[in-house]
Structures are given as structure tokens and as C-alpha cells.
Amino acid sequence: MRTKDKSVSLEGMNPAMWPMAMRVNHVYLEVLGYELVITSGSEPDPDPNKPVHKEGSFHYPENTPDKMCRAIDMRTHISKFNDLQLVGESRKAFHRRVQKAAGENFQVIDEGNHFHSELDK
């Protein structure tokens, strides 16, 4: 498991995010052959004029009950060597595997060019 680059902050993550990410990492390695790449984690206070995430997003700690980041975005490329996205039934099947690995306390939302996982409970 790794971040896409140094711009991705994992500071202030709720501790429950780490075991979830490790479980999901195993699915990435098994199914796609590459490690989980986190493309977004904890974000600073949102700029209302230039939001990075939806209003109320759990990427922003101030939106969560414990004031800790409760969301990560995950790359969904078919290979670590290109930017092509998983599509169709293979994407749906992969999404189901990732959701199962994440666990019942997490939502995994397919946002088209990535999966968004957040701790809801």
C-alpha cells in the first residue's frame, strides 16, 4: 500500500482506517497484481471557492464525529503501468470484493475514476 505521491496526507486518520486499508490491499494484490494506491486521504479545511471533495466529505476531519479523517480514495486502474480504468463486469466484481474486504463499517463507493471508502460507524 502506498500513496500516489507526497501530496496525499494520511495524517489524522481514524485508527480503524488502517486495518481496512490493509485488507483491501490484499485484494488489490490478488486481483490486479499491484498494491493499493491511495490518491486522497486527509484534507485541510475545505476552501468553499475551490472544493476538492463533496460538501460534508469525511476527507475533511471537521465533518466527522471524532474530528479524524474517515475517508480514502483508491486508484482503480487495470494495471500499475497505465491509466486505463477497470470497466464493466470486472469493475463491478472488483468493487464487490473491495467492499467485502473493507467490512460492514465501511462504505465503498464507485465514483467512476476511483473508489471512495469511508468509515460510517
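## Basis

The model is predicted: local features need pLDDT of at least 70, side-chain atom pairs count only at pLDDT 80 or more, and totals for chains, interfaces and linings use all residues. Residues are numbered from 1 along each chain as its sequence is written, and side-chain values use heavy atoms, without hydrogens and water.

## The sheet

Two strands pair if DSSP finds at least two bridges between them.

Strand 1 pairs with strand 2 in the parallel sense, over two bridges. Arg 2 stands opposite Val 37 of strand 2. Strand 2 (residues 37–40) runs antiparallel to strand 3 (residues 71–75), again joined by two bridges. There, Ile 38 has Met 74 as its bridge partner, and Ser 40 faces Asp 73.

## Helix on helix

Helix 1 (residues 17–32) packs against helix 2 (residues 88–102) at an angle of about 150°, with the axes 8 Å apart. Axes are lines fitted to C-alpha atoms, for helices over the stretch in contact; angles run from 0 to 180 degrees between N-to-C directions. The pair is therefore roughly antiparallel (under 35 degrees is roughly parallel, over 145 roughly antiparallel, 65 to 115 roughly perpendicular, the rest oblique).

Contact means heavy atoms within 4.5 Å. Helix 1 contributes Met 20, Arg 23, Val 24, Val 27, Tyr 28, Glu 30, Val 31 and Leu 32. Helix 2 contributes Phe 94, Arg 97, Val 98, Ala 101 and Ala 102. These residues divide into 10 nonpolar, no polar and three charged. Nonpolar covers Ala, Val, Leu, Ile, Met, Phe, Trp, Tyr, Cys and Pro; charged covers Asp, Glu, Lys and Arg; the others, Gly among them, are polar.

## Helices on the sheet

## A loop residue with positive phi

Lys 67 sits in the loop between strand 2 and strand 3. Its phi is near 60°, a positive value in a residue other than glycine. Most residues other than glycine have a negative phi. Lys 67 counts as exposed because its relative accessibility is 52% (buried is under 20%, exposed over 50%, partly exposed in between, with a 1.4 Å probe and protein chains only).

Technical notes
Helix = DSSP H or I, 4+ residues; strand = E, 2+ residues; numbered from the N terminus.
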